Amino acid sequence: MNDYLKLQGIRKRFGDAQVLNGVDLSVAEGELVTLLGPSGCGKSTLLRCIAGLAELDGGSIELERRELTSLPPRSRDVGMVFQSYALFPNLTVSQNVEYGMRMRGMAPAARRSRCRELLAMVDLEDKRDMYPQSLSGGQQQRVALARSLAVQPKLLLLDEPLSALDAKIRKNLRAEIRQIQRRLGMTTLFVTHDQEEALILSDRICIMNQGRIVQEGSPEQLYTAPRTEFAARFMGSYN
Ligand code: ADP
Ligand code: MG
């Protein structure tokens, strides 16, 4: 039941560095699972492998029972939002949101109508003809979110989408992301190094260290019963 997304034995090496060291993870449909761990533990690499932006050395990735590892990124039904807003600077907001739909040959009228819906969802209808550089960081991330949802992915990958933002905007967008995720029932892997963010957003948290998941559980479980000193220190419940 718990295996809409199923990762088994994911391994990835860069030169001599074993960056992912046998990652196993199952995510249920509609669940928001957070990968929480210190900088350099392999979180982004894991997301990039799932999205098809990096090649695995070993292991398998199944999404809705379909093996993804040999598929190109565009055939994976996976949307991704990065820490630094990776919007196309020379395209307007609506052109950014419509980009993936256009690549997939969707008709202009359908594209425009879906784009309007998405911009309404992230509350940016009035910015549709602006260019990314004239938007705030928070607004750019909302465009990135709309763009990643445009092609109706089966899985959403969010790589520290809030870390570059100011505290207040971060909290607002955090709540907005959770609301949208719930409403769409979007299966989501959320990456962060911020414990508070993980505790507030997640259905389930996986603590990562040195290329492995060292403990997983509900936010309450991890906060009140960390199994290792590393997890305890990392959850801030160590004293
Ligand atoms: P995190 O997102 O948890 O901070 P990363 O997945 O970005 O960690 O990186 C994990 C490790 O892999 C780091 O030591 C990083 O330097 C290394 N790494 C990531 N990408 C590459 C790459 N393209 N080439 C070489 N080393 C890399
Ligand atoms: Mg990272």
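**View 1. The shell around ligand 1, by residue class.** The shell around ligand 1 has 4 nonpolar, 6 polar and 1 charged residues. Here Ala, Val, Leu, Ile, Met, Phe, Trp, Tyr, Cys and Pro count as nonpolar, Asp, Glu, Lys and Arg as charged, and the others, Gly among them, as polar. The model is predicted: local features need pLDDT of at least 70 and side-chain atom pairs pLDDT 80 or more, while totals for chains, interfaces and linings use all residues. Residues are numbered from 1 along each chain as its sequence is written, and chains are lettered from A and ligands numbered from 1 in the order in which they are written.

**View 2. Residues and elements around ligand 1.** Phe14, Ala17, Val19, Gly37, Ser39, Gly40, Cys41, Gly42, Lys43, Ser44 and Thr45 surround the ligand (C-beta atom, placed from the backbone, within 6 Å of it). At least two shell residues come from each of β2 (17-27) and α1 (43-51); helices (H or I, at least four residues) and strands (E, at least two) are DSSP runs, numbered from the N terminus. The largest share, 3 residues, comes from α1.

View 3. Arg111, Cys115, Leu118 and Leu119 are the buried residues of α3 (20 or more other C-beta atoms within 10 Å of its own, placed from the backbone; exposed means 12 or fewer). Seen down the axis of α3, these fall within an arc of 95°, so they line one face of the helix; the arc is that of the directions from the helix axis to the C-beta atoms. The face turned away from the buried side of α3 carries the exposed residues Ala109, Ala110, Ser113 and Ala120.

**View 4. The end of α3.** Aspartate 123 follows α3 and has a positive phi, near 65°.
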